[in-house]
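Dear colleague,

Please find the structure below, followed by a short account of what was found in it.

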Amino acid sequence: MMTSASTLIPGRSSIRTGNKGPSWCQAKTGVVSAHPTPILVKLRPASPILRLSPDIPLYSARRVRMAQTFTTRATLGLTKPTPSVIPHIAFSAKEVDFSEWKGDLLAVAVLEKDMSKDESSKFKNAILRRLDMLLGGLLGDASAEEDFAGKTGQLTVIRLRESGFRRIGLFGLGQSTLSPAPSTYQGLGDAIAAAAKAVQASNVAVVLASSEGFSEDSKLNTASAIASGILLGVYEDERFKTESKRLLLKSVDILGLAVGAGIDSKLKYAGDVCSGVIFGRELVNSPANVLTPVVLADEASKIASMYRDVLTATILDEDQCKEYKMGSYLGVAAASASANPPRFIHIHYKPPNGQVKAKLAIVGKGLTFDSGGYNLKTGPGCSIELMKFDMGGSAAALGAAKSIGQIKPPGVEVHFIVAACENMISGTGMRPGDIVTASNGKTIEVNNTDAEGRLTLADALVYACKQGAEKVVDLATLTGACVVALGPTVAGVFTPSDELEKELRTASEVTGEKFWRLPLEESYWESMKSGVADMVNTGPRQGGAINAALFLKQFVDEKVQWLHIDMAGPVWNEKKKAATGFGVSTLVEWVLKNSSA
């Protein structure tokens with residue numbers, strides 16, 4: 001039996017909330033093991049009430065434990081989410097011969113070319129040929145009967161009677177590519193997760209029929225993508241359901257790609273990122289009667305307390321926001337300020353040691369519910385019932401903060417900023433025609449109260465620039481126009497900086513998330529000018545996403561590199577009727593590429 005040496009990791013941070021002074025929080029310690037495999041990714045519920053923010057993880061090169069919990073006050077409708085049921089899965093990278101592996105499901109990833117046969121009807125691919133011989137020709141017969149050709153999304157699972165593994169599954173990857181795409185192998189992981197749930201497998205092994213030509217980095221990234229796909233695929237948010245499904249999957253062996261510290265590190269990284277993605281999903285999935293601006297701020301404070309060796313949180317209440325002259329943000333919040341008051345959230349990441357070479361800011365739109373205000377969302381397609389997801393940008397920012405708190409990249413400082421509030425209707429609410437003044441002094445004539453997100457982001461961007469950030473990325477479910485232009489799975493990108501766009505594109509190539517750059521057409525700004533103020537908050541219907549981005553640009557310091565992401569489409573999966581956690585993985589990758597890691 002292996003023994004491990006452990007090291008306690010102390011830490012504390014100050015969390016400032018409202019007008020209260022600093023309060024010191026105690027944290028659980030991390031345990032660092034000397035042995036790197038397997039990687040156990042486990043998320044444990046801890047708090048008995050809300051269930052949205054993860055418990056403090058026990059870090060280990062061998063073991064990564066994470067927990068997911070939320071805490072809330074009494075809610076409208078008396079809704080109390082049950083504890084998150086998040087699986088723990090031990091991931092191991094092994095050089096075991098697949099024919100000797102024993103378990104419930106052997107998952108074989110197959111390209112179309114792997115299915116070709118010779119003149120004697122034997123597979124040309126060496127792995128499929130060996131498997132077919134091992135199974136007495138059953139693999140060839142079954143694939144022919146099922147018309148399995150290795151096309152993307154094809155799946156055939158065969159139950160076996162006399163074999164070390166109870167079932168074998170062929171998973172189609174489509175045509176061969178020179179470099180493996182992350183989305184392909186994340187999709188493979190998701191398909192394996194679905195198959196494992198369907199056959200109630202507790203242990204799975206994954207083998208690629210073809211991995212020739214993969215570089216060492218490609219092998220590590222492929223293993224990480226498969227692990228991410230499985231982790232996110234097996235997870236289901238059942239906090240608001242009276243019955244939950246039992247998940248049996250406990251271990252996954254990745255065979256034949258690589259072994260050693262490099263792949264162990266990659267598998268841990270996948271777990272850290274998935275922890276943030278799941279946190280972001282649960283934030284977006286939570287209804288507005290559960291996740292209010294105050295609760296969202298509480299969740300941010302918990303993240304900082306969990307990783308207080310590197311994170312601090314500052315939460316500003318309405319009076320403090322007035323001191324910062326955030327009139328644009330507070331105008332949106334005014335209607336429900338007494339019932340569900342606004343909270344301005346600032347989480348600050350500082351590396352545990354070493355020089356800071358880059359200062360970044362991530363700003364997320366945080367409308368916990370958007371009724372449209374007096375320009376009320378009505379009629380078909382308005383999606384008012386889904387407007388809990390209008391804080392998807394803040395979920396991405398806070399999910400990334402959680403992951404960064406676990407990964408602790410060196411050499412980079414990051415500010416995570418959210419102006420959280422609701423957009424409702426009341427006698428104190430903002431009206432069409434009102435003029436609000438942002439914290440940089442610019443005045444805005446509100447010609448549409450349903451273009452509120454940009455008003456909150458205006459003050460958040462001014463605040464971000466004042467923190468000394470050299471690069472600022474904001475994310476928002478901002479316009480339906482962007483969904484019309486790019487569809488439900490691609491986010492729009494707007495920036496005057498080619499360098500920053502390249503950084504984001506490079507990060508997304510690793511994560512598989514989809515972005516597309518759209519123009520910042522300066523001539524359109526003429527339509528955003530007001531006769532009585534510096535600007536209006538909406539322009540004509542044409543080019544709506546561009547106009548929104550041009551509006552945000554007015555609140556960014558000219559010396560700061562800035563990029564805006566309109567994620568109104570990919571924040572939500574209509575087929576699954578649930579949040580995607582979009583943006584978290586790309587933000588984390590972007591931060592790492594700006595670090596000295």
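A nonpolar surface patch of about 270 Å² is formed by Y374, L376 and I425; patches consist of residues with over 30% relative accessible area and no salt bridge, with nonpolar side chains joined within 5 Å. This is a predicted model, in which local features need pLDDT of at least 70 and side-chain atom pairs count only at pLDDT 80 or more, while totals for chains, interfaces and linings use all residues. Residues are numbered from 1 along each chain as its sequence is written, and side-chain values use heavy atoms, with hydrogens and water left out.

L376 has a relative accessible area of 42%, so it is partly exposed (buried means under 20%, exposed over 50%, partly exposed in between, with a 1.4 Å probe and protein chains only).

T495 sits in the loop between β18 (491–494) and α12 (498–511) and is buried, because its relative accessibility is 4%. A polar atom of the T495 side chain lies 2.5 Å from the backbone oxygen of W562, and one lies 3.0 Å from the backbone nitrogen of S497.

In strand β8 (residues 165–174), nine of the 10 residues are buried. Strand β6 (residues 103–111) runs parallel to β8 and is joined to it by eight bridges, with L111 opposite G174. Strand β7 (residues 155–159) runs antiparallel to β8, with five bridges; β7 and β8 form a hairpin with five residues between them.

Yours sincerely

Methods:
Helices (H or I, at least four residues) and strands (E, at least two) are DSSP runs, numbered from the N terminus. A polar contact is a pair of N or O atoms within 3.5 Å; within protein, one must be able to donate a hydrogen and the other to accept it, and residues adjacent in sequence count only if both atoms are side-chain atoms. Patches are made of residues with over 30% relative accessible area and no salt bridge: like charges are joined within 9 Å, nonpolar side chains (Val, Leu, Ile, Met, Phe, Trp, Tyr) within 5 Å. Accessible areas come from the Shrake-Rupley method with a 1.4 Å probe; for residues, only the protein chains shown count as cover. A salt bridge is a side-chain nitrogen of Lys or Arg within 4 Å of a carboxyl oxygen of Asp or Glu. Two strands pair if DSSP finds at least two bridges between them.
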